[in-house]
Amino acid sequence: MSNKDYSNKDALKIALNIEKDGYDFYEAAAVKAKDEKVKKIFLMLANEEKRHLVWIRKIQDGLVNPMDYFISDEALVEDYLRRIIETRVFDTIDDVNKVMEDVKTDKDAIRLAMQFEKDSMDFFVKMSELTRNPDGQAAFKKLAGSEEHHLMELKRLQDNIANLENAIK
């Protein structure tokens, strides 16, 4: 693919990978979670990521004329996508499993999940800014909003755990 061939389809392929990574992570984190509330939130987030996968695939199927969906600044997109790929928390299920080996507590998993959601949200916001097509912009904005909601859920969970720990002390 040349520098000038980035389209919403390419961005949606990356979005699919991001959502798949999220699903794999939340499934693994739920299995490892010690607290039932944490496990429940991770399973809920895994289901959300699964719904996002289905939704993104439907969007991909609807992109009939790829020429209508090119992102406006190819050089900026290339640089941004390269940075996203280089800084992703994990790239494959093997990486998810490797990351999970280092997760010792529910708080560790929550912190990692929050970083993953923030990175995902940033990606979707940037793609919504770079695409020329209004449908593409709306799709990426919707995904960014979902990731922001996940981040808020995780922050509430993190705060609840901290409050419980402080109450015990």
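Is Asp159 buried, partly exposed or exposed? At 32% relative accessibility, Asp159 counts as partly exposed (buried means under 20% relative accessible area, exposed over 50% and partly exposed in between, with a 1.4 Å probe and protein chains only). The structure is a predicted model, in which local features need pLDDT of at least 70, side-chain atom pairs count only at pLDDT 80 or more, and totals for chains, interfaces and linings use all residues. Residues are numbered from 1 along each chain as its sequence is written, and side-chain values use heavy atoms, leaving out hydrogens and water.

**Overall architecture**
- The protein chain contains 6 helices and 0 strands (DSSP runs numbered from the N terminus: helices are H or I with at least four residues, strands E with at least two).
- Of its 169 residues, 45% are buried.
- Residues at least 24 apart make up 81% of the contacts between residues at least 6 apart in sequence (a contact means heavy atoms within 4.5 Å).

**Nonpolar core**
- The largest nonpolar core has 42 residues (such a core is a set of buried Ala, Val, Leu, Ile, Met, Phe, Trp, Tyr and Cys residues joined through side-chain atoms within 4.5 Å).
- Two or more residues of this core come from each of helix H1 (8-32), helix H2 (36-62), helix H4 (93-102), helix H5 (106-130) and helix H6 (134-168).
- Phe124 is among the residues with the most contacts inside the core, as are Tyr26 and Phe42.
- Leaving aside residues up to four places away in sequence, Phe124 touches Ala15, Ile18, Glu19, Phe140, Leu143, Ala144 and Glu147.

**Helix H2**
- The 27 residues of H2 should span 39 Å at 1.5 Å a residue, and its end C-alpha atoms are 39 Å apart, which agrees (the expected span is 1.5 Å times one less than the number of residues).
- Asp35 caps the N-terminal end of H2, with a side-chain oxygen 2.8 Å from the backbone nitrogen of Lys37.
- Buried residues of H2 include Phe42, Glu49 and His52.

**Salt bridges**
- The model has 7 salt bridges (a side-chain nitrogen of Lys or Arg within 4 Å of a carboxyl oxygen of Asp or Glu).
- Glu48 pairs with Arg51 at 2.1 Å between the closest N and O atoms; these residues are 3 apart in helix H2, so about one helical turn separates them.
- Glu48 is buried, at a relative accessible area of 17%.
- In helix H5, Lys118 and Asp122 are 4 residues apart, about one helical turn, and their side chains meet at 3.0 Å, N to O.
- Asp159 forms a salt bridge with Lys155, the closest N and O atoms lying 3.0 Å apart; Lys155 is partly exposed, at 39%.

Terms used:
A polar contact is a pair of N or O atoms within 3.5 Å; within protein, one must be able to donate a hydrogen and the other to accept it, and residues adjacent in sequence count only if both atoms are side-chain atoms.
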